[in-house]
Structure formats: C-alpha cells, structure tokens
Amino acid sequence: MPASQLSQPLTELPQIGAQRGSRFASLGLRTIRDVLFFFPRDFEFPPPQVRIDELVDGQTASILGTISDAELVSRRPGRSVFGALVENESGAIRILFFNQPFRAEQLKRGTIVRISGSVKLNGLRFEMTHPKVQIEQDHPQASDDADDQPTAGSRIAPIYPLTEGVKQFELQRLTADVTRLYAKELDEVMPVTLRTDAMTCLMQAEVFDELDASELPSQLPTIDTALSMLHDPQTNSHVQLGRIRFVFQELLAMQLALAMRRRSLTTALRAPPLECSALIRQRIVRRFPFALTSDQERVIDAIAGDMRRQFPMNRLLQGDVGSGKTVVAAFAMLLAVANGYQATMMAPTEVLARQHFQTLSDLLQDSRVRVGLLCGSLTTAERRETLQRSADGELDLIVGTQALLFDVAFKRLGVCVIDEQHKFGVNQRISLRQGGIDPHYLVMSATPIPRSIAMTQFGDVDMSVLRDKPAGRGTVHTYLADEAWRARWWSFVRERLEEGRQAFVVAPRVGDKDESADDEDISSVKHTFESLSNGELAKYQVGLLHGRMHADEKHNVMSQFAEGEIDVLVTTTVIEVGIDVPNATVMTILGANRFGLAQLHQLRGRVSRGSHAGHVAVFIDGDASPKQDERLRTFESTHDGFELAEADFKLRGPGELLGQRQSGLPRLRIADLQNDVRVLEIAREVAQTLIDEDPEISDPSLALLRRQVLSRYGKRLELSDGA
Ligand code: ADP
Ligand code: MG
C-alpha cells in the first residue's frame, strides 16, 4: 500500500492539474517519490537582523518591519512617488519608490516586509530608495490569493533547480507539503545501529564542526526527518544534518558496492602464488645500489604479501616524481623470476621503455636473468626474435611500450608492471590472462590521485604511496618569471652550465611549418632551439628532442644528453615522464600557461633527481587567463605532489580531471566529491567493516540497503546477487 502511494502521479494531488503537472514533469517530477527526493541545490539564509537606531549613513542593510504611513505622494503618470515608513522596535526608516505606483497596492499599512538596500541619512531620518522588498506577511485585509505568494523569507529557504513556468515558491510549497504528507511512508534503509555508528564517526571526523554540539542528535536522522530538514528547514543544523544523512547514504551504497567487488575479485580470479622467502628478498635487494627508504621497504612488503596469494595483486603505487618507484617495480619483477615466472613492464613512451630496459640490464649484470626490449624502432627481425623468445620463456623480463606488449605472448607470466599509468587513461585495463590464470598487476603513477578519486574510481584497487624521497635530494626552486627577467635568467642558466650542470628548455609545440597559423604565438621547440643555439646559449651544445623525430634519433639525443655530450636539451613534453638525468638541474618552461598542473609538476620532477638544487623558471606566452594565473601560482608555491593534486582537483573540478562518467560509476545525486571527502572516508570504513563481518550483507536489517546497492551498482560492477 505505501509503495503505491509513493508512486502516485502528482496530477492526482488536489491542486495540480494537467498543465502544472506537465511543467513539474519537465523537472523530472512525476510521482510523489520524485518530489520527496528532489533535493535542493542550495539554501538561502535570512540576512542578519540590523537595528535601525544603529544604522550608519551609506551602509547596506536588511531590515524587518511593519509598514506604517504608506502614501502615494504623487500620482502624475511618469512622475509618481510612493513613500512609506517601515517600523520595528528599534525605530523607523523611510522607503521611497519612483514611478512604481503598484507599490501602493503591495505595501499597505500593516504588511510585514523585509527591505534591503543602501541606507541614506536624510535630515534626521534614514531612507532607502528602491530597496529590495520581500513580503513576510500580508496586511490584514489582503485578498485570498495570498496562497500564491512566496513563502516567508525570514526562514531558511531551500532553492531548487527551476524550469520554464515553474516558480521557486511553487516548488518550495510542493516539496514541503508532499514531505509533510508522505515522507512517513518511506522505508528506512539504514537501521538505527548503523545511523548511530555513522553519526559517531562523522562527529569524530569533525564533519559537523560548524554546528553547536548540543544541537546534534546521537544518530543520523531517519529518512523522513531528514527530508523535512531539507525541504522545510528550521535551523542551520537541519540543513547540515539532513544533507549529510543523504550524502552518507549515497556514498555508503557506493562503497558497499566497491567493497563487494573487491571481495569478488579475490574469489573469482586466479593468479600464481609467488612466495617471497627471506632469502629471495635478500638476494633481490642486494642488487640495488642503495639502501631502500623505509617507504620503499613498506611497499615491497605489501607487494610480497599480495603476490603470495592465489588471486591477482591489483595494486596502484603512487609516488611523486623521483620517489623511487622503479626499484619497487624491479622487486616485483624479480620476485616473479625467482619463482620461475616471467615479468613484464609497460612504459608509455619508447624513451622511457629504453631507459627502464637500461636500468634493469645494469641492475642484472652478471646474473642469469635475461631482459628483452620491445619497442617501435626495432627491425622486424629483431622484434620477431624477441616475441619468439618471450613465448618460449627464454626471456625473463620483457620491457616495452604498451602498444607492442599487446601483441606479445608469454610462457608463464607472473607479474605485469604498468609505469606512469596516468598516460594510459583510467580504465584501460589490459588483460594478460592465459589459461584462466591472471598475472599480478602493479600500476605506478607519478600523478597523485586526489583522495576522493582514489576512493571512488580506484575503489577496487589497493593503494600504496611513496611519500618520502630518497635522502640527499636537492631542493627545487620554482620562479614565475616575467619578460623583464629573460636576460637575467639565461645568464643564470649559463652560470649553472659553467658549473658543469645541464639544462632543459621545454616548449608546448614542435613548430613545424604545417602547424596551424593560430599556433604562431605559442613557443615552439624548433624556434627556441634556433634562437638559443645562435644566441644566449651559443657557446654550449644544444640538442633538440620532440615527438615527431624518428625513434632512433630520439634515442640518440637522449643518450647524448644522459652522457653529458649535450648541455642543453630543448624539448617538448616527451621528457615529461620518467626521464632520469641527475646532472640536469635547470629547467626553463616556455608557454607554461599551456600546461596543466600535473604536467608542470611532472616536468619539474626532471630537475630534482640529483644532489644539486634544481631551478625551474616558468614563462608564459601572451597573457595568462585568471585561471591559468592561479594554476601557475599554485605551481610556484606548492612542491608536494599530493597537495598539488588536491589543489588541481579544486581548481578544475572532478569532471575535468577524471570524468566521473568515465569511471563506470553512476552519477552522484547529492554527494559532492570535492567537499564531502571526509564523509566519503567514513562511508568507506563503515562499508568495509560491514562487508568484513557479513560479506553478502545477509543481515535482515540491511536487506533494503543491500537491495539498493545491487540495483544501483550491481550491473556496472558485475556484482551478482549471490544470496
Ligand atoms: P620515479 O618514482 O620518478 O620513477 P625513479 O625510480 O626513477 O623515480 O628514481 C629516481 C632516482 O632515485 C633514480 O636515480 C634512482 O636510482 C634513485 N633512487 C631510488 N631509490 C633510491 C634510494 N632508496 N636511495 C637512493 N637513491 C634512490
Ligand atoms: Mg619512473
């Protein structure tokens, strides 16, 4: 019975005819239930009350009072003047309207109004000319159609999205009435224990910090209370409590779905269990030319723990540029090899693939481990041979660019490492399953993911973070440079080169003739290369690197730079990812307003690798927009990659960073990933605890919640209704 009432069409309500009904329908409001869950997009709070006897000439104020002495002073068309006094216990103020004769009808004696505007002292009396007027209560003889007036403005007003022909006050009235009459019929999905636990955690996390603790209940409000708190709020704490109740519910459903998925991955998939004995660990670590940082140790332990199990590791390793992710990857790969399995590592660019190949080959000199490289510049014969040796199990480690590794076959693949994951796009999962067995996956990213994205789009992934960098790293200084600086900057660069350091110069485009004329004002590497090698840096060896060069040429330039034969590398963002030349300590970024924050930070990472201090100067092309300007200032002042990621998230919004749609999760209706991150964290903890205790959510008191989770997320996350 209740269910049918809730799905009753709005047009069956007394005051709603076909016409209004169709206007409401265009807002998605067809049934009683739709109206109940039509959440306000905002709230309007009444302005603070000011005393008339404390007003100051010129001040803007908002005053509540009763109209006395209303008079249409002059009726001459085009010259009418209406004046009235607004009185309250603190005094009286005069209001004036020119050429608005209708005010005489609206503002009769006895009407209670709120007026806002700028106050002028005229003689001994304060005046407002053409104030904003809000009717709080009509004068006593007002006509009966008062029903169609806005609701009282001295209360908190929920603000709803509007459409053609629907007024704000209509929606305010509709939602308040429907909530009063029908909210009781709704079923509660969160039992009282859950609402109590959630409230305790939310309070501990200071989610309700702005509110007076004495106003807070000991549990989240029930569904009907929460709805009236939103649709007919009496206090500020109503607004917060009502909203957080639904934010929590929405995020809890999502986190339960993700927790169920994490569990199902562990039971549905199989991977080879790879054991890490103390001896194996010691033999691997001994090969590294330095002592591991404690962060690296910790991550390696986690990885060893994952790979020992018989379902695939699914771990994301985040670490700022230069935090030392490569040895962690090497550890995972060598652990597979020690267990008689192969390992592979995918890099987003050939330059990077070659560099990893080199690092691993150096590390494994005089060992029996055989390393192969797969990248675009190999000859057909070379490639065929590498593919064959991989398939035969003659190669233990295969490093390559992602495109090529799609073709490769393995004999016994144990682990797949994906480097600089952000280059591949979020959801591009490669499947290397063979004979029903998956390898373990380790995904690495230098672009830290904001916490809220990590907990949603990567909600089914285990995370590790390398926070502290290997000791002995120089600091990096970042300068926002203006044009007046150019000459001084190049002389600074020359000084560093004289000291034996090397430099990068980065520009946003290549500068080929075929590029569009629109690009002409944007710095290009070709033009910069010409002008620097004939001008400011003529004395030095300047090299050129960009994506349109042949792979061999690129490789040559890179190794000349790494060997120190080239002093200055003028380049596009090809060097953005991973390139490791510790002696390069100076970077000039031209057209920096064209780059995103993450990209700039990646670039900066190239000059923080050695023990010398790094220096980055940032020049812009033309004028930076306010948004670009703010981005560059953030870049200048923030050097921590995680902080930058949060700042970037705030500046750009979640949609732009990693579109929510992209994640395969349905859009959130009330929660806001940017502002509700603390609630999200709690929802995640609560969900994990629930699933740990009751994997199928079979507790009868959670049956409704479970149904909600499955109907919203079941299909998308391939959760089955197991019970
Ligand atoms: P990223 O996380 O950016 O991939 P890398 O793995 O390339 O960083 O490491 C950056 C540099 O730090 C490399 O030159 C590497 O050899 C060095 N390195 C990594 N770990 C350590 C360590 N524990 N002690 C000293 N140097 C280290
Ligand atoms: Mg790297």
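The following questions and answers go through parts of one predicted model.

In this predicted model, local features need pLDDT of at least 70, side-chain atom pairs count only at pLDDT 80 or more, and totals for chains, interfaces and linings use all residues. Residues are numbered from 1 along each chain as its sequence is written, chains are lettered from A and ligands numbered from 1 in the order in which they are written, and side-chain values use heavy atoms, with hydrogens and water left out.

Student: How many disulfides does the structure hold?
Tutor: A disulfide is a pair of cysteine sulfur atoms within 2.5 Å. For cysteine 276, the closest cysteine sulfur is that of cysteine 416, 19 Å away and too far for a bond. For cysteine 416, the closest is in cysteine 375, at 17 Å, also too far. The number of disulfides is 0.

Student: Is cysteine 416 buried or exposed?
Tutor: Buried means under 20% relative accessible area, exposed over 50%, and partly exposed in between, with a 1.4 Å probe and protein chains only. The relative accessible area of cysteine 416 is 0%. Cysteine 416 is therefore buried.

Student: What distance does α11 reach from its first C-alpha to its last?
Tutor: The expected span of a helix is 1.5 Å times one less than its number of residues. For the 14 residues of α11 the expected value is 20 Å. The model comes close to that, and the distance reached is 20 Å.

Student: Which strands are at the edges of the open sheet of 7 strands?
Tutor: The order is β12-β13-β11-β14-β15-β10-β16, with parallel pairing. Two strands pair if DSSP finds at least two bridges between them. An edge strand pairs on one side only, and here the edge strands are β12 (371-374) and β16 (462-466).

Student: Which residue in β14 is the bridge partner of methionine 345?
Tutor: Strand β11 (residues 342-347) and strand β14 (residues 413-418) run parallel. They are joined by 5 bridges. In β14, the partner of methionine 345 is valine 417.

Student: Which strands does helix α13 touch?
Tutor: Contact means heavy atoms within 4.5 Å. Helix α13 (residues 380-392) packs on the sheet. The strands touched are β11, β12 and β13 (397-401).

Student: Which residues does threonine 634 touch, not counting residues up to four places away in sequence?
Tutor: Threonine 634 is found in helix α20 (residues 626-637). With a relative accessible area of 15%, threonine 634 is buried. The residues touched are Leu597, Leu644, Ala647 and Leu651.

Key. Helix = DSSP H or I, 4+ residues; strand = E, 2+ residues; numbered from the N terminus. Axes fitted to C-alpha atoms, helices over the stretch in contact; angles between N-to-C directions.
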